[in-house]
Amino acid sequence: MSEQEHRFKSGFETRAIHAGYEPDPTTGAVIPPIYATSTYKQDGVGGLRGGYEYSRSGNPTRTALEGALAAVEEGERGFAFASGLAAEDTILRSLTQPGDHIVIPDDAYGGTFRLVDKVARPWGLEHTPAPVHDVTKVAEAIRPGHTKLVWVETPTNPLLNVADIAAVANLAHAAGALLVVDNTFASPYLQQPLTLGADVVVHSTTKYVGGHSDVVGGAVVVKDLGLAERIGFHQNAMGAVPGPFDVFLTHRGLKTLGVRMDRHCDNAERIVDFLTAHPAVGDVIYPGLETHPGHEVAQRQMKRFGGIISFRAKGGLEHALQVCSRTEVFTLGESLGGVESLIEHPGKMTHASVAGTDLEVPADLIRLSVGIETADDLIADLERALD
Ligand code: P1T
């Protein structure tokens with residue numbers, strides 16, 4: 001099957017495994033080799049073999065991953081970066097200029113807020129935080145003619161609010177803005193924002209795409225070739241590219257994304273049932289719960305509801321901190337989306353950089369990244385930690 005067919009006709013898992021790479025014509029290598037080279041021999045000045053000139057601009061190991069990322073997001077072009085934040089920074093500087101305005105989620109990942117507020121704002125980019133699940137409030141935050149990007153995470157980190165991607169895309173487009181969706185929490189297996197009207201998808205591939213907590217990376221995927229040209233120019237001009245070893249790990253992870261996500265979702269559903277019945281647990285936040293305000297939208301635009309659960313400890317901050325330090329199978333640590341379960345306290349860890357701002361998260365909030373271990377062991381671990 002040709003690359004084009006893999007991209008548009010095959011199922012998700014087939015694309016995740018095959019798109020972006022044909023077995024190497026000289027050796028038949030089934031997996032893209034790790035091209036540990038910074039430069040490429042030219043056959044006479046400007047005589048590039050396959051377009052490769054210098055590895056910041058292009059590297060065959062990276063090309064394979066970028067093709068696969070485009071295919072799984074149903075985009076035209078994918079771009080790999082050294083981290084999720086490097087991908088975000090490249091979007092901001094490719095698609096906005098000093099003096100422009102953007103709308104951001106009012107419960108964005110703390111590092112995203114820090115980038116926008118502490119790096120992009122001093123550079124001249126204004127921003128307004130808005131609750132991405134409230135289309136009216138997003139509309140109010142847009143300044144027509146001035147707003148260049150509406151940026152949403154869905155589900156958000158860590159409060160798991162759900163944005164209606166198609167509705168927000170319509171709003172953004174009517175005001176002459178582009179819609180950027182951070183699809184890290186859902187992963188391309190559960191949700192494909194470009195098919196719902198988004199213009200740009202961004203990922204921390206450190207999370208579900210890589211999937212094994214062994215590599216940091218980021219990705220941008222677009223459909224429009226004009227946008228691709230701007231992102232591609234800045235990827236090279238800014239240079240925040242991943243090395244071939246990191247790319248290899250990320251690409252290896254992507255191949256099993258579908259089977260991993262199904263198990264993450266199965267385990268999360270079991271744990272949600274356990275937590276909602278536990279007397280020491282307050283609100284359980286999971287888009288799969290019918291009581292979740294974004295449940296219907298999530299059901300419409302996501303295949304399943306993901307592996308992240310947030311919940312509030314009835315005993316307040318101290319109890320939340322105790323639970324986080326008592327688990328044994330859930331490892332206390334930042335990040336998410338790996339095969340191993342992680343627990344964290346957003347207020348003091350991943351979202352410490354939003355303390356004292358409108359984006360501050362509740363002190364009694366605990367975030368679980370449910371891994372793919374045996375569900376009974378995960379439940380027993382939480383039971384011990386909560387009691
Ligand atoms: O860490 P990095 O690969 O640079 O990606 C940043 C990022 C972007 N978007 C979302 C939704 C994220 O969750 C992250 C990183 N988040 C964590 C490290 C965390 O524990 O929440």
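Mentor: Happy to! Keep in mind that this is a predicted model. Start with the shell: 19 residues surround the ligand, and the closest are Asp182, Thr206, Lys207, Ser335 and Arg367. Sorted by class, the shell holds four nonpolar, nine polar and six charged residues.

Now look at where the ligand sits. Domain 1 (3–255) and domain 2 (258–386) both give residues to the shell, so the ligand lies between them.

The side chain of Ser204 has an N or O atom 2.8 Å from an oxygen atom of the ligand. With Ser335, a backbone N or O atom lies 2.8 Å from a ligand oxygen. For Arg367, a polar side-chain atom is 2.8 Å from an oxygen atom of the ligand. On its own the ligand has 480 Å² of accessible area, and the protein covers 92% of that.

Side chains of opposite charge can pair when their charged atoms come close. In this helix, Asp89 and Arg93 are four residues apart, so about one helical turn separates them. Their side chains meet in a salt bridge, 2.9 Å from N to O. Asp89 is buried, because its relative accessible area of 16% is under 20%. Arg93, at 39% relative accessibility, counts as partly exposed.

Methods. Residues are numbered from 1 along each chain as its sequence is written. This is a predicted model: local features need pLDDT of at least 70, side-chain atom pairs count only at pLDDT 80 or more; totals for chains, interfaces and linings use all residues. Side-chain values use heavy atoms; hydrogens and water are left out. A residue is near a molecule or strand if one of its heavy atoms lies within 4 Å of it. A polar contact is a pair of N or O atoms within 3.5 Å; within protein, one must be able to donate a hydrogen and the other to accept it, and residues adjacent in sequence count only if both atoms are side-chain atoms. Accessible areas come from the Shrake-Rupley method with a 1.4 Å probe; for residues, only the protein chains shown count as cover. Ala, Val, Leu, Ile, Met, Phe, Trp, Tyr, Cys and Pro count as nonpolar, Asp, Glu, Lys and Arg as charged, and the others, Gly among them, as polar. Domain bounds come from an automatic or database domain assignment. A salt bridge is a side-chain nitrogen of Lys or Arg within 4 Å of a carboxyl oxygen of Asp or Glu. Helices (H or I, at least four residues) and strands (E, at least two) are DSSP runs, numbered from the N terminus. Buried means under 20% relative accessible area, exposed over 50%, partly exposed in between (1.4 Å probe, protein chains only).
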